[in-house]
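Take a look at the chain below.

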Amino acid sequence: MIEERVDVDRTDEATGQEVGRDRRRKEDQHLITGRSKFTDNIVLPGMLYVSMVRSPYAHARITNIDTAAAKESPGVAAVLTGEDVKDIQGSLPNAWPVTPDQVAPPHPAIAVDHVAFSGEIVAAVIARSPSAARDAAELVDVDYEELEPVVDLKAASADEILAHPDLGTNQSALWIFDSAEAGTGDNVEDAFCDAEVVVEREFRQQRLIPAFMEPRSVVVDPTGEQFVMWSATQVPHILRLMLALTLDVPESKLRVIAPDVGGGFGGKLQVTPEEVITFLAARHLGKPCKWTETRSESLLSAHHGRDQWQRIAVAAKKDGTVTGLKVHLTANMGAYLGLVTSGVPILGAFMYNSIYKFPAYRFECQNVFTNMTWTDAYRGAGRPEAAFAIERIMDELAIELDRDPMELREQNWIKHEEFPFTTVCGLEYDSGNYEAATARAMELFGYDELRAEQARRRESGDRVQLGLGISTFTEMCGLAPSRVLGSLSYGAGGWEHASIRMLPSGKVECITGSSPHGQGHVTAWSQIVADELGVPFEDVEVLHGDTQISHKGLDTYGSRSLVVGGQAVIKAAKKVIEKARPLAAHVLEANVDDLEFSKGKFTVKGAGDDQEGLALTSLALAVFAAHDLPDGMEPSLDAEATFDPENFSFPHGTHLCAMEIDTETGESTMRSYVCVDDVGNVVNPMIVDGQVHGGLVQGISQALWEEAVYDAQGTLVTGSFVDYTLPTSADTINFVTDRTVTPSTTNDLGAKGVGEAGTIASTPAVVNAVLDAVRQFGVEDIHMPCTPERVWRAIQDGRAGGKTSTPQAAQPHFEEGAPNSDEPSTATTDGSGR
């Protein structure tokens, strides 16, 4: 899998600037030489090992648990059941109650008397070796009274079967945004009543599994003054706080360390049952305990992502101008609410309007419980779902109006001279140039030539048809202003913390609250600090992921690290310079106001270019000695800063995909893929390329390969990599990527987020391309993933004049909390909007 880069300027090393330079990642050397330390590598004296006993049933009452044989098994130290810990385990936290009346069951780490999904933990065995723990876990005898599970999302929404009978409903929360009520736009009902064209569709966002490279693992050492937890987590600071609150442990007695973490994709943005159980086991026995999941456990019980029905309707004039947008989601929470489960679909609420100038908008989201593994953040978290729906419906509108889909988009998007632009959701897009990114993408793609080839193939009745797919996207990232998150009832802020330590030797330590799991923070932060302080890149050490060292932070997710965490680093570095200024003036016998700082040195204004200047690193040694400091100066140049952004950042781009479809077999082949992204100013092009590259594959995989499938009994039937299809390098092609730049105005770097952009944009581009290839056969939609079988069946159904492979939505039906329908879709052009 090779990426082709096109005409991208690389900063000349001769300038001396680190930001913008292709630096190889500092953190890679120990990874590729086998010196990495993942959580499972940690071995402590006297360590015990934990194995979980999991329910084979999706829905059942626990009537009895017999642990006698397990306790007598060789090497077993203890067996814990829900009954043993029910008074101390608390309930796993949900930090995002999206409505005041949100309904949610308690979420125990170990089930006590009721299991709500297949894979839920019912007991934990602690033994002297992993094998002894696994063997003993097989001996735990659990009696169940099996109950009927709810695994169909629409049936769950209608409360046909209850996932938690005690709740009396499966409906957790109904969250609504209406532009007229919010004062950010017009009345959407008026827009639809006055519409000349209405197009409505229903799309399925399938359930996905964050298949990170490193399985989850946790080690807890209770033998010191503090409990020390090592965990493969994206959120050590949040984990520490939530453990303290859940288990009623003083936060000062908890130290959480995220060592090397082998990927997350949102899947490690969680407080897991296993972390709680391992902590309880270690505290109970007074010995270090470790749990590491198998891959099958990971696929079964680590939280899943997506899983929605999306009903979307667009109102427009006959000339193609969009006038209104309605969205109704039915979102699958699974069996429980995890850390941000309920808020994930809400994150997309502000992005369905995307780059388009909709004057009226209404969004409804019904969160629903089922007897399946709970869902939570997965790369993009709500925004890929939004981008998919709006880019699909824009294609449908173009088909209805017999317009070129790119022309229709351009007619309705925000023009570059209109920035900053306040959207119908009330967000202010600070910068962007959709025209430039699109023009470059179309040039690289050869859009007109491919359209001509497509026409020739259709006319000749070629067995292999060509389809072109478009995705013009933006996203809100850099999660983000605390006041905004507060208005959405999120249980934390959006700030980030950093500190700079100037060591006497002239070296620099940068401590960040952003906790990486593969993004390259150590390298990028070193480049930022090197430029700000004028020190060599090699002399910067970046510390992270340990709540004892980095005592404050909100961790890594939502493409926030650089634009929030990186800005905190800049603020801390500027404070270092200001703290050093009085000392520099003292040494140079100059007035503070007469000093300039550049490239690591203080100089006196007007003293000429031949002055040597005073290096910041030499001042660090002088402060350490403290022999001759200005009156009142403390002997320290160290500084810290907390940055709370005033706005999100809004990267954007245009992605174009060409797919070839064998109409006799349904096989799809990617012919070409071009993306031009605008992520603002770039700190390290090599890292950005890697982020885009990985994101593309992940989004393409949703379109073509990945899906978590349950049977009617609620059993996961894609519980291994044999059945859950992940892409390999052999499954993809050479991508052509490029960038345009409109700097963000929300941070000093002018940067925007990049970690999720590829995933957000690529899925609709691929699906639009697949559909574009087979529309002439009467195909309107194909459920993701667009497997050969589904594509073939859609073609056969379309040719026969029947339904395509995807049930479509009925005409607009957006009553609050109303269940979805499977009636055929319609489009009207009679002005009635009905």
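A residue counts as buried when its relative accessible area is under 20%. Trp413 has a relative accessible area of 0%, so Trp413 is buried. Tyr434 has 3% relative accessibility, so Tyr434 counts as buried too.

**Confidence**

This is a predicted model. The protein chain has an average pLDDT of 93, and 94% of the residues reach at least 70. Two stretches need care. Over residues 1–12 the pLDDT stays under 50, and the model gives them 37 contacts beyond four places in sequence. Residues 805–834 also have a pLDDT below 50, with 109 contacts beyond near neighbours in sequence.

**Aromatic pairs**

How many aromatic pairs does a search of the whole structure find? The search finds 18. Two of them are set out here.

| Pair | Type | Centre to centre | Angle between planes |
|---|---|---|---|
| Phe177 and Tyr361 | tilted | 6.0 Å | 45° |
| Trp413 and Tyr434 | edge-to-face | 6.4 Å | 70° |

Take Phe177 and Tyr361. Phe177 sits in strand E8 (residues 171–178) and Tyr361 in strand E16 (residues 361–369), so this pair ties together parts 184 residues apart in sequence. Are these two residues, Phe177 and Tyr361, buried or exposed? Both are buried. They also belong to a cluster linked by ring pairs, together with Trp175, Phe350, Tyr352 and Phe363.

Now take Trp413 and Tyr434. Trp413 lies in the loop between helix H13 (405–412) and strand E17 (421–422), while Tyr434 lies in helix H14 (residues 434–445). The two residues are 21 residues apart, and their pair links distant parts of the chain.

**A sheet and its helix**

Four strands make an open sheet in the order E22-E21-E20-E26, and their pairing is mixed. Which strands are at the edges? Strand E22 (540–543) and strand E26 (639–643) are the edge strands, each pairing on one side only. Neighbouring strands of this sheet are turned by 20° against each other on average, direction ignored.

Inside the sheet, strand E20 (residues 496–502) and strand E21 (residues 508–512) run antiparallel, joined by 5 bridges. Ser499 stands opposite Ile511 in E21. Helix H17 (residues 521–533) packs on the sheet and touches E20, E21 and E22. The direction of H17 makes about 130° with that of E22.

**A covered helix**

Helix H21 (residues 757–774) has 18 residues, which at 1.5 Å a residue should span 26 Å. The end C-alpha atoms of H21 are 27 Å apart, which agrees. H21 is mostly covered, with 18 of its 18 residues buried.

Conventions
Residues numbered from 1 in each chain as written. Predicted model: local features only at pLDDT ≥ 70, side-chain atom pairs only at ≥ 80, totals over all residues. Heavy atoms only, no water. Pairing = 2+ DSSP bridges. Axes fitted to C-alpha atoms, helices over the stretch in contact; angles between N-to-C directions. Contact = heavy atoms within 4.5 Å. Expected span 1.5 Å × (residues − 1). Buried < 20%, exposed > 50% of the residue type's maximum accessible area, 1.4 Å probe, protein only. pLDDT = per-residue confidence, 0-100. Phe/Tyr/Trp six-rings, centres within 6.5 Å; stacked < 30°, edge-to-face > 60°.
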